[in-house]
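Morning, everyone. I have one structure to walk you through today. Please bring it up on your screens.

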Amino acid sequence: MDVKKLLKKMNLEEKIGQMLQIAPHNFISKSDTKIHGFEYDLGLTNKQVFSAGSVLGIGNAKEQQELQRKYLNDSRLKIPLLFMADIVHGYETIFPIPLALSCSWNTDTAFHSARISAVEASTAGIQVTFSPMADLSREPRWGRVMEGYGEDPYLLSMFVRAMVKGYQQDDISAKGNIASCVKHFAGYGAPIAGLDYNTVDMSRLSFYQTYLGGYEAAIDEGSKMVMASFNTFDGIPATVNQFLMIDVLRNQLNFNGVTITDYDGLNQVIAHRVAHDQREAAIQGVEAKIDIEMASSCYMKNIEKLIETSIINENDINAAVGRILSFKNELGLFDNPYGHANIDDEKRLIKSKEHLAKAKEIAQECAVLLKNESNILPLSNNSKVAVVGPYATSKSTNGVWSWKGSINDNISLSEALINQGVDVVYINGENPLPTDIDMLREIDIVICALGEDIEKTGEAKSIVNLELPLFQVEWIKLAKILKKKVVTVLYNGRPLVLNNIDQSDAILEAWYLGSKSNEALTDLLIGKINPSGKLTMSFPRHEGQIPIYYNHLTTGRPFNKDVHNIYTSFYLDCERTPKYPFGYGLSYSKFEYENMIMSDKEIYLDESITASITITNKSNVAGYEIVQLYIQDEVSKIARPEKELKGFKKILIQPYETKTVKFNICIKDLSYINSLGETKYEYGRFIIMIGSNSNNVQKKYIFFKENNNEDKKYT
Ligand code: NOJ
């Protein structure tokens, strides 16, 4: 398709239509697509609806084909509709929520889950997914941390890349592939006080050093679209923020694909009180080069007049529509408007045996063993077990943003344990606690399946109390009064404050692991699979510590436990460390780290150096260990974090085997980004750290030098 020629044939109304995205029910009243967002009457005429260029969500292949056919019948130039949807962690085969996925520290899990999501969603005619969410967040109060990949920019970027690759592979028009729209540009993961949609107020330094990397990684990996975020940035809503949308996105990151607002995002510029009305919002959107307006009608209702009165230049509209049409062309829609929607493929591929098997395998890598006193886990063969608490019988393990997944496909933890032959003698998923506790007396271990209600996680689900409700904790107390061992399995979408479940002998962080959650968890509980996940967000001891993250600066008055000085950076009423740090997670194996060696003490420009360490599995259980590399720039022109993750390896170590892990460190790993977004290198001493988590590392020093004789500092 020659996009330029097509553009020339289009009238203004048709062009503006391409810049509108609306939900399917606007076209077909009976659509069963679920939409995330408050819906109101957009006030569009039938003609305007049928000029819209893209659709938000679609129920299945049949619905997509019917809608596309109906649309094309009426369409003068036969420009196909484009179907987009939120396929965040699975279509119908549901994978672990993204936060859990990142705890695998294995980007293959992201790649394969995105691949399968793409294969399934494309059979239903979906051509673009609003994923990955590359918003870095240090805010467990914010419900959307479940959609992200944790608190670390390096790890997050790796996962974001794998997701984009998994969705798109090398050709977005090929069967089984869909295009990725990275979101929410930018800084959405840093709302003040963890309150969703709240103001974001960050320095340019934080923006460039910490928050930008995730989006940049997605774009670098070829993500075809970018969604603007709801928040303000420097006082201007991101949707119309020219610093973000033009200076950074278009000019610095060289993004030349299609941009889209978030749901009703352009209209919300009015609520932010940065535009008086939809007309002003439309002007600001066009000036920020926002191509598609999702679920509001500022463009549709105003652009024509704004061009007539020369307030908007039609060339800007042509540029936006050109980008949209080129994207449709790249997706192959002009040749095949239905994409890969195919009812037979839907039946054959969705929730296939292979897909579900992969979902289970991935889920097994994502749970994190937080505590295991006296090696109570894995459960021994002859233990008599009780399974209690709200998740004992619940099948609700998909996590939000899994609108096509059905919990009816899942099984509960008690069912999964029974299926594996565990001697489950008591099950109670009801509250309050039973008055008759005789049944509990004969059991050895109480598995408390506790957690957050799924509806408390995700968009618009901010909370201030991160503790489990007391009625759930009562189960642990009761078990302890009866002198039973307690294994707590936690289902949640954010780091929680776990003090009130401290009495548990073991804690398995289960997150929401998707369709095969409880089968995977059972394999871990019985030791068929050895837990290997590690945390990608710090777990606070108290809500008052938030935001708490491992890669913080040192401060001018760092706390030193060995020196008595009250004028240092600490809390009077709480330890300053997290309860469970970034990178932490246990295994049934026992790994010992020793003998860290640097291949050289000095590193010069354009060179690299190797750090190695040996790890021995001092147990009779084979297991995966996630070995982490952190670096500190000891002295630099701007204050740098105490440590930053610069590499990791996940390795299998057989019983009593010793393995050497090597990390290649190059000059880029020693660089930093300044407040202008420039990469800087400074000579000097660096601390190289390798360990099992951010709080447990061995250290070596290296010098970065210009040449053999010099160690002067310069930028
Ligand atoms: C609002 C959410 O913020 C965004 O992530 C999502 O993609 C859109 N709604 C569309 O559902």
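Let's begin at the ligand. Its shell of residues splits into seven nonpolar, two polar and five charged. Keep in mind that this is a predicted model.

Which residues come nearest? There are 14 residues around the ligand, and the nearest are Asp86, Arg144, Lys183, His184 and Asp262. Please find those five now.

Three of these names come with distances. Start with Asp262: one of its polar side-chain atoms sits 2.5 Å from an oxygen atom of the ligand. Next, His184. Here an N or O atom of the side chain is 2.6 Å from a ligand oxygen. Then Lys183, where the distance from a side-chain N or O atom to an oxygen of the ligand is 2.9 Å.

How much of the ligand does the protein bury? On its own, the ligand exposes 300 Å², and the protein buries 99% of that.

Now zoom out to the whole chain. The domain assignment gives three stretches: domain 1 covers 3-346, domain 2 covers 360-545, and domain 3 covers 591-705. I'll stay with the first two.

Domain 1 brings 49 residues to the contact, and domain 2 brings 36 residues.

For domain 1 and domain 2, the buried area is about 3500 Å². Carbon and sulfur atoms give 61% of that area.

Which residues of domain 1 supply more than any other three? They are Ile94, Cys103 and Pro140, with 17% of the area that domain 1 buries against domain 2.

What about polar links across this interface? There are 24 residue pairs in polar contact between domain 1 and domain 2, both partners at pLDDT 80 or more. The count of salt bridges across the same interface is one.

Glu459 and Arg144 meet through their side chains, N to O, at 3.7 Å.

Over to you for discussion.

How values were computed
Residues are numbered from 1 along each chain as its sequence is written. This is a predicted model: local features need pLDDT of at least 70, side-chain atom pairs count only at pLDDT 80 or more; totals for chains, interfaces and linings use all residues. Side-chain values use heavy atoms; hydrogens and water are left out. A residue is near a molecule or strand if one of its heavy atoms lies within 4 Å of it. A polar contact is a pair of N or O atoms within 3.5 Å; within protein, one must be able to donate a hydrogen and the other to accept it, and residues adjacent in sequence count only if both atoms are side-chain atoms. Accessible areas come from the Shrake-Rupley method with a 1.4 Å probe; for residues, only the protein chains shown count as cover. Ala, Val, Leu, Ile, Met, Phe, Trp, Tyr, Cys and Pro count as nonpolar, Asp, Glu, Lys and Arg as charged, and the others, Gly among them, as polar. Domain bounds come from an automatic or database domain assignment. Contact means heavy atoms within 4.5 Å. Buried area is the accessible area (1.4 Å probe) that two parts lose on being put together, summed over both. A salt bridge is a side-chain nitrogen of Lys or Arg within 4 Å of a carboxyl oxygen of Asp or Glu.
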